[in-house]
Amino acid sequence: MMNPTAAMLVIGDEILSGRTQDTNTYHLAGALTGHGIDLKEVRVVADDTGAIIAAVQYLAEHYDHVFTSGGIGPTHDDITADAVAAAFGTPIDVRDDARALLMAHYEQADVEVNEARLRMARIPDGAALIENPISAAPGFTLKNVHVMAGVPMIFQAMVASLLPTLSGGKPLLSRTLRLMQPEGVIAKPLADLAAEFPDLSFGSYPFYRDGTYGTNIVGRGTEASELDVAMARLGTLFPMDKA
């Protein structure tokens, strides 16, 4: 049985301009790998309603899950919630359960709940809330799209809240073999190995150290025994070259 598939949609002009470094993709990829959900595609789009709608519609149709980050804060350019609602033709407005979470949080902090902050309680009809233990403003799941904050600490907390509710498959395992040979030397043996073990994937990553070219071979799969056999087989082909 194949693992569920996923895509990530990173939203924000600040990512595309280079002003902010995206770390959420790195975090989500590791979390999904451990949960047995295969991340297959990552897109980055601007704070543009049409671009978000088009990306959400395409990704939601082609993958089991879509995870978004960014654009659900209190300012005018936080348009993700509205765009996701529009992508599915779903009404959106301030919802009582989300409002209650924000009210309790801000009252405890003795902070005024103004119109801008209430924007973060706008949730599409029929969506399930994603808990935010950091700042209370929830994310949400609408159909197979999971909408989360862009601030890394909050994004990570939301992922931790969400993942236990999703069905996963077998975690993806990996093994690395470091060879002091250039890719051109190991290409044919690696291709033969990949053909012999079709249920595994192999990546080749070159490096240069102390005047010598080498290659890290990374094998990936869900069955530890098969993965160990394959990597051991490759190691026997280059017994004196391992670093």
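Which residue in β11 is the bridge partner of arginine 209? That would be threonine 212. Some notes on the surroundings follow.

1. Ground rules. This is a predicted model, where local features need pLDDT of at least 70, side-chain atom pairs count only at pLDDT 80 or more, and totals for chains, interfaces and linings use all residues. Numbering starts from 1 along each chain as its sequence is written, and side-chain values use heavy atoms, with hydrogens and water left out.

2. The sheet. Three strands make an open sheet in the order β9-β11-β10, with antiparallel pairing. The edges belong to β9 and β10, each with a single partner strand, so one side of each has no neighbour in the sheet. On average, neighbouring strands here are turned by 20° against each other, direction ignored. Strands (E, at least two residues) and helices (H or I, at least four) are DSSP runs, numbered from the N terminus; two strands pair if DSSP finds at least two bridges between them. Axes are lines fitted to C-alpha atoms, for helices over the stretch in contact, and angles run from 0 to 180 degrees between N-to-C directions.

3. Helices on the sheet. Helix α8 (residues 183-196) packs on the sheet and touches β9, β10 and β11; its direction makes about 165° with that of β10. Helix α9 (residues 224-237) also packs on the sheet, touching β9, β10 and β11, and its direction makes about 10° with that of β9. Contact means heavy atoms within 4.5 Å.

4. Strand β11 and its partners. Nine bridges join β10 (residues 201-209) to β11, running antiparallel, and glycine 203 stands opposite valine 218. With β9 (residues 173-179), β11 has seven bridges, again antiparallel; there, leucine 177 stands opposite isoleucine 217.

5. Burial of β11. Seven of the 10 residues of β11 (residues 212-221) are buried, so the strand is largely enclosed by the rest of the structure. Buried means under 20% relative accessible area, exposed over 50%, and partly exposed in between (1.4 Å probe, protein chains only).

6. Methionine 148. Worth a click: methionine 148 sits in strand β8 (residues 145-148) and is buried, at a relative accessible area of 0%. Leaving aside neighbours within four places in sequence, its contacts include Phe67, Ile72, Ile130, Phe155 and Leu162. Arginine 122 is 26 residues from methionine 148 in sequence and 13 Å away in space, C-alpha to C-alpha.
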